Amino acid sequence: MTRLTQCEASHGVPLCLDGACSALCDSGYTGDGCDLDIDECADASHDCDANALCTNIPGGWDCSCNFGWEGDGTSCTDIDECVGVDCGPDGTCSDAEGETT
């Protein structure tokens, strides 16, 4: 619990016991009064896939698959860009992770 000068919590529950103030912060927040957003992307406490971009948002994070990948951001799979591609009689389509050659 964090000591506060006043029994307030921006993103949490203030607790006042025997004249001392503290707070239980909501998930994603910390600090005196629960007023500091935790950057889950910077401290790697997010659950984004290795092939996804993590974006910090107030109180949490958002995951989105990188270009060439699809999914919900927590699970991304390679898009096979060669499916349905006609490279001509002498052409060859080669799908690499996240790209096509």
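# Close-up views of an all-strand protein

The protein exposes about 6,600 Å², and carbon and sulfur atoms supply 50% of that area. The coordinates come from a predicted model. The legends below start with the whole chain and then move to single sites.

View 1. From the N terminus on, the elements run β-β-β-β-β-β-β-β-β-β. The radius of gyration is 23 Å, well over the 13 Å that the globule rule gives for 101 residues, so the protein is more spread out than a compact globule. The C-alpha trace spans about 80 × 15 × 15 Å along its principal axes. Buried residues make up 25% of the 101 residues. Take the contacts between residues at least 6 apart in sequence: 17% of them join residues at least 24 apart.

**View 2. The hairpin of β1 and β2.** Strand β1 covers residues 12-17, and strand β2 covers residues 20-25. The two strands pair in the antiparallel sense, over six bridges. Leu 17 has Ala 20 of β2 as its bridge partner. Two residues lie between the strands. Asp 18 sits in this turn, with a positive phi of about 50°.

**View 3. The disulfide of Cys 25 and Cys 34.** A search of the whole structure finds four disulfides. A disulfide is a covalent bond between the sulfur atoms of two cysteines. In the pair of Cys 25 and Cys 34, the sulfur atoms are 2.2 Å apart. The torsion about their S-S bond is about -90°, so this disulfide is left-handed. Cys 34 is buried, with a relative accessible area of 0%.

**View 4. The disulfide of Cys 41 and Cys 54.** The sulfur atoms of Cys 41 and Cys 54 are 2.0 Å apart. This link is left-handed, with -75° about the S-S bond. The pair links distant parts of the chain, 13 residues apart. Cys 41 lies in the loop between β4 (36-37) and β5 (52-57), while Cys 54 lies in strand β5. Cys 54 has a relative accessible area of 18%. It counts as buried because the value is under the 20% cut-off.

**View 5. Glu 40 in the loop between β4 and β5.** Is Glu 40 buried or exposed? Glu 40 is buried, with a relative accessible area of 5%. Which residues does Glu 40 touch, not counting those up to four places away in sequence? They are Gly 28, Ser 45, His 46, Asn 56, Gly 59, Gly 60 and Trp 61.

**View 6. The hairpin of β5 and β6.** Strands β5 and β6 run antiparallel, and six bridges join them. Leu 53 stands opposite Ser 64 in β6. The hairpin has two residues between the strands. Gly 59 takes a positive phi near 80° in this hairpin. Gly 59 is also one of the residues that Glu 40 touches.

**View 7. The disulfide of Cys 65 and Cys 76.** The sulfur atoms of Cys 65 and Cys 76 are 2.2 Å apart. The link is left-handed, with -90° about the S-S bond. It joins distant parts of the chain, 11 residues apart: Cys 65 in strand β6 (residues 60-65) and Cys 76 in strand β8 (residues 76-78). Both cysteines are buried. Leaving aside neighbours within four places in sequence, Cys 76 is in contact with Asp 49, Asn 51, Ala 52, Cys 65, Trp 69 and Glu 70.

**View 8. The largest nonpolar core, with seven residues.** In soluble globular proteins, nonpolar side chains tend to be buried together. Which residues form the largest nonpolar core here? The members are Cys 48, Ala 52, Cys 54, Cys 63, Cys 65, Trp 69 and Cys 76. Strands β5 and β6 each supply at least two residues of this core. Cys 65 and Cys 76, both members of the core, form a disulfide. Cys 54, another member, forms a disulfide with Cys 41.

Terms used: Residues numbered from 1 in each chain as written. Predicted model: local features only at pLDDT ≥ 70, side-chain atom pairs only at ≥ 80, totals over all residues. Heavy atoms only, no water. Disulfide = S-S within 2.5 Å. Buried < 20%, exposed > 50% of the residue type's maximum accessible area, 1.4 Å probe, protein only. Helix = DSSP H or I, 4+ residues; strand = E, 2+ residues; numbered from the N terminus. Rg over C-alpha atoms; globule rule 2.2 N^0.38 Å. Contact = heavy atoms within 4.5 Å. Areas by Shrake-Rupley, 256 points an atom, 1.4 Å probe, with all protein chains shown as cover. Core = buried A, V, L, I, M, F, W, Y, C linked by side-chain atoms within 4.5 Å. Pairing = 2+ DSSP bridges.
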